[in-house]
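Visitor: I'm new to this one. Can you walk me through it?
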Amino acid sequence: MSSKVFKKDNLVSDVIQIVHQSRNFAYSAVNFSMVVAYWKIGERIVIEEQKGNVRAVYGQELLAKLADQLTKKLGKGYTENNLRYMRQFYLAFPIRHALRDESSSAKSSSPIRHPLRDESTNWCKAVAKVIRPELTWTHYRLLLKVENKRARQYYMDESATQNWSTRTLERQINTFTYERILSSKNKKKVKSATDKNAELPNELDFIKDPYILEFLQVKPNVDLFESTLEKLIIDNIQQFLLELGKGFSFIARQKRISAEDDHFYVDLVFYNYILKCFVLIDLKIGKLTHQDIGQMDLYVRYFEEEVKQSTDNPTIGIILCSEKNETIVKYSILKENKRLFASKYKLYLPTEAELKRELRLEIKKYKESIRLSKRH
């Protein structure tokens, strides 16, 4: 009996291991395919730029026009900023030189091969000498900020071998880990402390990675960003605002905002066609911090600079916070627009008391549903 159980346990663990290995291979394949594609796009941009008479001016115009056309035909992910990173990626990681060394007949402008499918190809061997297939495009965008080639190589190798998350990589770069190890008399101690504090990536990081989703043209699943309680509250707050009948029109849920390599998600975005302005709502479960307030200010400023049209009025943010038995509602608007908020916006926006009441009601409903489910 015990031997059968033992074999069954082995079977379960073996199957789990197979699935995990296959998932990791799939993640790596998608990541690396995208990275290789972006390197090739960078190569193509540089070749095109070299045809221009005034390279700097021509390059700037080229990227702007290319970004516009690619966004129309391929969707998100091909902004002028991202194309600039692709160009820099091609210049910083000389796969073309490795290709020449690998085979005199190989051409860097050849079509994209599949390096993960056929390890015997010249392309695969060349790529493996220069970049690491374990790393994502976000890793490489961070690495491109490191000017010192040796430091960049160190961070790339450590990210791959130690399975660093992008957050860990960014922290190591910002705290000058390479330089500290280089100047330290006890290099092993510094290295050990670095490895100990490293954060490993989560499988959900891949599923939520906006660059991957944009590359595959897959819409993000909002359920990945919301807990059960958050989903319930956001659902009802959304309906509550639409039912007020004061000009609210729903725009988006979990709207992504990207600042360099940091990605944030606004819980709800509305447009009020009476006030002619965007209204952003963010829900916080737990204590409200200065960081939360600063984050909402970032959202508001982003919409002011990137989304708002010239005929729109200033954007306004609303933070809803539930902390134990206390509810907090805070309006966020840029300082220069506070007079407009006091004189006009308050006529059409729900009061803090109304929002607090609705927030308390939804939390009460949630707690009651939990209590009933435990009884059954």
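Guide: What follows is a short talk about helices, charged pairs, cysteines and a surface patch in this predicted model.

Visitor: Let's start with α7. Which residues does helix α7 cover, and how far apart are its end C-alpha atoms?
Guide: Helix α7 covers residues 149-161, and its end C-alpha atoms are 18 Å apart.

Visitor: What caps the N-terminal end of α7?
Guide: Asn-148 does, with a side-chain oxygen that lies 2.9 Å from the backbone nitrogen of Arg-150.

Visitor: And what follows α7?
Guide: Asn-163 follows the helix, and its phi is positive, near 60 degrees.

Visitor: Which residues of α7 are buried?
Guide: The buried ones are Ala-151, Arg-152, Tyr-154, Tyr-155, Met-156, Glu-158, Ser-159 and Ala-160. As background, an α-helix has 3.6 residues a turn, so residues three or four places apart point the same way.

Visitor: Change of topic. How many salt bridges are there?
Guide: The count comes to 10.

Visitor: Which residues are linked in a network with Glu-134?
Guide: Arg-132, Glu-134 and Asp-157 are linked in a network of salt bridges. Within it, Glu-134 pairs with Arg-132, and their closest N and O atoms are 3.4 Å apart.

Visitor: How accessible is Glu-134?
Guide: Glu-134 has 41% relative accessibility, so it counts as partly exposed.

Visitor: What about Lys-284, where is it found?
Guide: Lys-284 is in strand β3, which runs over residues 277-285.

Visitor: Which residues form salt bridges with Lys-284?
Guide: Asp-282 forms one, with the closest N and O atoms 3.3 Å apart. Asp-292 forms another, at 3.8 Å. The side chains of Lys-284 and Asp-282 also make a polar contact, at 3.3 Å.

Visitor: Is Lys-284 buried or exposed?
Guide: Lys-284 is buried, because its relative accessible area is 16% and the cut-off for buried is under 20%. Asp-282 is buried as well, and so is Asp-292.

Visitor: Now cysteines. How many disulfides does the model have?
Guide: The count is zero. A disulfide is a covalent bond between the sulfur atoms of two cysteines.

Visitor: Are Cys-277 and Cys-321 buried or exposed?
Guide: Cys-277 has 0% relative accessibility, so it counts as buried. Cys-321 also counts as buried, at 1%.

Visitor: Which residues make a nonpolar surface patch?
Guide: Leu-11, Val-15 and Val-19 make one of about 240 Å². Val-15 lies in helix α1, residues 2-49, and counts as partly exposed because its relative accessibility is 43%.

Visitor: Back to arginines. Where is Arg-141, and how accessible is it?
Guide: Arg-141 is in helix α6, residues 137-143. Its relative accessible area is 2%, so Arg-141 is buried.

Visitor: How far is Arg-141 from Met-86?
Guide: They are 55 residues apart in sequence and 8.8 Å apart in space, C-alpha to C-alpha.

Visitor: And Arg-360, where is it found?
Guide: Arg-360 is in helix α16, residues 352-375. With a relative accessible area of 45%, Arg-360 is partly exposed. The C-alpha atoms of Arg-360 and Ser-322 are separated by 8.1 Å, while the two residues are 38 residues apart along the chain.

Conventions: Residues numbered from 1 in each chain as written. Predicted model: local features only at pLDDT ≥ 70, side-chain atom pairs only at ≥ 80, totals over all residues. Heavy atoms only, no water. Helix = DSSP H or I, 4+ residues; strand = E, 2+ residues; numbered from the N terminus. Expected span 1.5 Å × (residues − 1). Buried < 20%, exposed > 50% of the residue type's maximum accessible area, 1.4 Å probe, protein only. Polar contact = N/O pair within 3.5 Å; in protein donor to acceptor, adjacent residues only side chain to side chain. Disulfide = S-S within 2.5 Å. Patch = residues over 30% accessible without salt bridge, like charges linked within 9 Å, V, L, I, M, F, W, Y side chains within 5 Å. Areas by Shrake-Rupley, 256 points an atom, 1.4 Å probe, with all protein chains shown as cover. Salt bridge = Lys/Arg side-chain N within 4 Å of Asp/Glu carboxyl O.
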